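Work through the exercises below with the model open. Try each task before reading its solution.

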Amino acid sequence: MQSKKRRLMVVAVAAAVVVVGWAGDALGKGGGERAPVVQAAKSNIDPTYRTVFFSVLEGLYDDGASNEFVDLVLQNDPETGTAMHFIPGCPLCLPSLDALRVYRERAGLSLKIGNTFGRGIEAELVAGIKSESMHQRLEVVETLVARYVARRLDSQRLTDEERGEWRMRMAERRKKGEAYMREMQRAGRAGAFADQKRCGVCDGANEAFDLFD
Ligand SMILES: [Zn+2]
């Protein structure tokens with residue numbers, strides 16, 4: 001009787017060891033091969049487009065930008081019929097513009113506070129986007145893009161090397177954006193950008209690196 005009990009116990013302990021070992025393997029802790037993380041196929045959309053898009057979208061939610069404010073940022077240039085504060089074709093303006101449009105069309109949330117998170121863009125910037133001066137309005141766009149890109153890149157805890165790569169990507173894209181701007185100016189179809197020397201979005205995305213360390 002005694003030995004049968006002991007035999008049963010040995011079997012039970014052995015079974016437990018097997019189960020624990022299997023669970024350990026399944027969790028990747030048993031020295032076995034780590035199971036691949038299940039994920040959808042990777043997107044082949046330009047990582048810079050995605051990063052700027054998500055930076056701006058997330059930032060607008062975090063700041064709780066009002067629709068009135070977003071509409072002023074998105075207003076069309078009556079002369080060109082395109083969004084006044086963005087350079088058509090500019091690789092940094094496009095994802096920012098898309099994010100603003102997506103945010104503007106946002107769905108309701110289950111939260112009682114409304115359909116965004118923050119308390120609104122600060123009064124100074126709201127006044128700035130209402131300014132008659134294109135230069136001043138571009139400064140508002142620049143301030144927000146710099147803030148949003150900085151927040152997102154900072155949260156990714158980049159190594160110095162990765163940060164250098166991002167800096168380079170943003171600089172390359174600003175060059176392209178500015179080239180588009182000069183081209184429009186030469187062709188006399190720059191509208192509100194006719195007298196401008198820079199792109200607010202492009203400057204913002206590049207200044208983001210000075211906002212975090
Ligand atoms: Zn641009």
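**Exercise 1. Which elements cover the buried residues of α7, and which residues are buried?**

Step 1. The cover of the buried residues of α7 includes α2, α4 (93-104), α6 and α8 (200-207). Cover is judged by contact, with C-beta atoms, placed from the backbone, within 7 Å.
Step 2. The buried residues themselves are Trp166, Met170, Arg173, Arg174, Gly177 and Met181. Buried takes 20 or more other C-beta atoms within 10 Å of a residue's own; 12 or fewer is exposed, and in between is partly exposed.
Step 3. Keep the source in mind: this is a predicted model, where local features need pLDDT of at least 70, side-chain atom pairs count only at pLDDT 80 or more, and totals for chains, interfaces and linings use all residues. Numbering starts from 1 along each chain as its sequence is written.

**Exercise 2. What span should helix α7 have at 1.5 Å a residue?**

Step 1. Helix α7 covers residues 160-186, which is 27 residues. Helices here are DSSP runs of H or I, at least four residues, numbered from the N terminus.
Step 2. The expected span is 1.5 Å times one less than the number of residues. For α7 that gives 39 Å.
Step 3. The end C-alpha atoms of α7 are 39 Å apart, so the two values agree.
Step 4. Look just past α7: Gly188 has a positive phi of about 70°.

**Exercise 3. Repeat the span check for helix α6.**

Step 1. Residues 134-155 form α6, a run of 22 residues.
Step 2. Arg157 follows α6 with a positive phi, near 45°.

**Exercise 4. At what angle do α2 and α6 pack?**

Step 1. Helix α2 (residues 47-63) meets α6 at about 105°, and the axes are 8 Å apart. Axes are lines fitted to C-alpha atoms over the stretch in contact, and angles run from 0 to 180 degrees between N-to-C directions.
Step 2. The pair is therefore roughly perpendicular, a class that spans 65 to 115 degrees.
Step 3. On the α2 side, the contact residues include Phe54 and Val56; on the α6 side, they include Leu144 and Tyr148.
Step 4. By class, this contact has 7 nonpolar, 3 polar and 4 charged residues. Nonpolar means Ala, Val, Leu, Ile, Met, Phe, Trp, Tyr, Cys and Pro; charged means Asp, Glu, Lys and Arg; the others, Gly among them, are polar.

**Exercise 5. Is Glu68 buried or exposed?**

Step 1. Find Glu68 in helix α3 (residues 67-74).
Step 2. Glu68 has 12 C-beta neighbours inside 10 Å, so it counts as exposed.

Key
Helices (H or I, at least four residues) and strands (E, at least two) are DSSP runs, numbered from the N terminus. Angles under 35 degrees count as roughly parallel, over 145 as roughly antiparallel, 65 to 115 as roughly perpendicular and the rest as oblique. Two residues are in contact if their C-beta atoms, placed from the backbone, lie within 7 Å.
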